[in-house]
Amino acid sequence: MKKRRASQGRLIVPLVAVAAFLAFNLARDRPPEPPASPPAASEDTYALRFGEGFVPQYASRDDLGISVVLAVDVSGSMSSPPATGGAPKYRQASEAFGQVVEVLARLVRDSPKDQIIKAGVLVFNGEVRPVFPLSVLDAAGLERLRSLLGNPETFRPEGSTAIGTALERGVEWLAQSGTILRSVIVVTDGDNRAGVDPSWVLSAVYNNRNTASTPDYPVSTGSTLVSFIGFDIDAGRFRPLERYGARVTSASDRAQLAAVLSNLLEADIRKLESADSAPGGKR
């Protein structure tokens, strides 16, 4: 009996070692636990997520001028030609933007000396990438913008479509622009496929819900002008966003895109001139 128990004892030791070895390796190979889910949000509670580098003090400035951010879709579908035919959409968009720079140059040239015009450009697919920081459009700025927008490689397409996230980043730029009028124009050929829902972002924009506000420096975004241009897509897809105050239109090809974008910019400049000449304006 003693001999049998001794034999069993010798067997238990290696079995325990094997079990420990297997447990260690299974734990090592197990995929990591997913991060904790963010707090539940909805269209009525979502807050714009501004980066850590945001400076709330800048949001309190309202110098006479306008800042415009152009957010351009570079998702994979932009590599196809529009229904009207011709070059791929991203190339036609680049040509249209090149024409619009000349409109901007005229608006800058005709503006009063104390009136600032700024522009910035970001592109988006599943992610958002800045390609032209929000800058004053003097002669040097216009030349840099002309070179950038006229190069189709700036808009080479791939990936998904994060419209809401792009809008959020554009509004963040504008909140620090320091100008009295702020406008973000989104050019896209599809539906939101990644990131936050654009309707949630718009609700937060017009209700001033953001992560950057402090008791001393509340950050207001509610006066931001938001426009959507459906490129080779029916504007009706974006009509639900009009109830938040967004402007919605469409363009079927390069010529229409240039015309629509130019008209929006001209309309925004007229708003600035109206604000300037109103009682209590900056002039």
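Alanine 71 stands opposite valine 186 in β4. That pair is my way in today. Keep in mind that this is a predicted model.

Let's start with the strand that pairs with β4 here, β1. Eight bridges join β1 to β4. The two strands run parallel. How many of the eleven residues of β1 are buried? Ten of them are, so β1 is largely enclosed by the rest of the structure.

β1 also pairs with β2. Nine bridges join these two, and again they run parallel. How does the chain get from β1 to β2? It crosses through helix α2, and this β-α-β crossover is right-handed.

Now back to β4, and to its partner β5. β5 covers residues 225-231. Six bridges join β4 to β5, and the strands run parallel. Find valine 186 again. It stands opposite phenylalanine 228 in β5. So much for the pairs.

Next, the helices. Helix α2, residues 89-110, packs on the sheet. It touches β1, β2, β4 and β5. Its direction makes about 140° with that of β5. Helix α4, residues 163-175, packs on the sheet too. This helix touches β1, β2, β3, β4 and β5. The direction of α4 makes about 160° with that of β4.

Time for the whole sheet. In what order do the six strands stand? The order is β3-β2-β1-β4-β5-β6. The sheet is open, and the pairing is mixed. Which strands stand at the edges? They are β3, residues 128-136, and β6, residues 247-251. Each has a single partner strand, so one side of each is left without a neighbour in the sheet. On average, neighbouring strands are turned by 15° against each other, direction ignored.

Last stop: one residue. Serine 183 lies in β4, which spans residues 179-188. Is serine 183 buried or exposed? Buried: its relative accessible area is 0%, and buried means under 20%. What does its side chain contact? It makes a polar contact with the side chain of aspartate 268, at 2.8 Å. Leaving out residues up to four places away in sequence, serine 183 touches Ser67, Val68, Val69, Leu174, Leu225, Arg247 and Asp268.

Look to alanine 71 in one direction and to phenylalanine 228 in another. Then move along β4 to serine 183. Thanks.

Technical notes. Residues are numbered from 1 along each chain as its sequence is written. This is a predicted model: local features need pLDDT of at least 70, side-chain atom pairs count only at pLDDT 80 or more; totals for chains, interfaces and linings use all residues. Side-chain values use heavy atoms; hydrogens and water are left out. Helices (H or I, at least four residues) and strands (E, at least two) are DSSP runs, numbered from the N terminus. Buried means under 20% relative accessible area, exposed over 50%, partly exposed in between (1.4 Å probe, protein chains only). A polar contact is a pair of N or O atoms within 3.5 Å; within protein, one must be able to donate a hydrogen and the other to accept it, and residues adjacent in sequence count only if both atoms are side-chain atoms. Contact means heavy atoms within 4.5 Å. Two strands pair if DSSP finds at least two bridges between them. Axes are lines fitted to C-alpha atoms, for helices over the stretch in contact, and angles run from 0 to 180 degrees between N-to-C directions. A crossover is right-handed if, with the strands pointing away from the viewer, the path from the first strand over the helix to the second runs clockwise.
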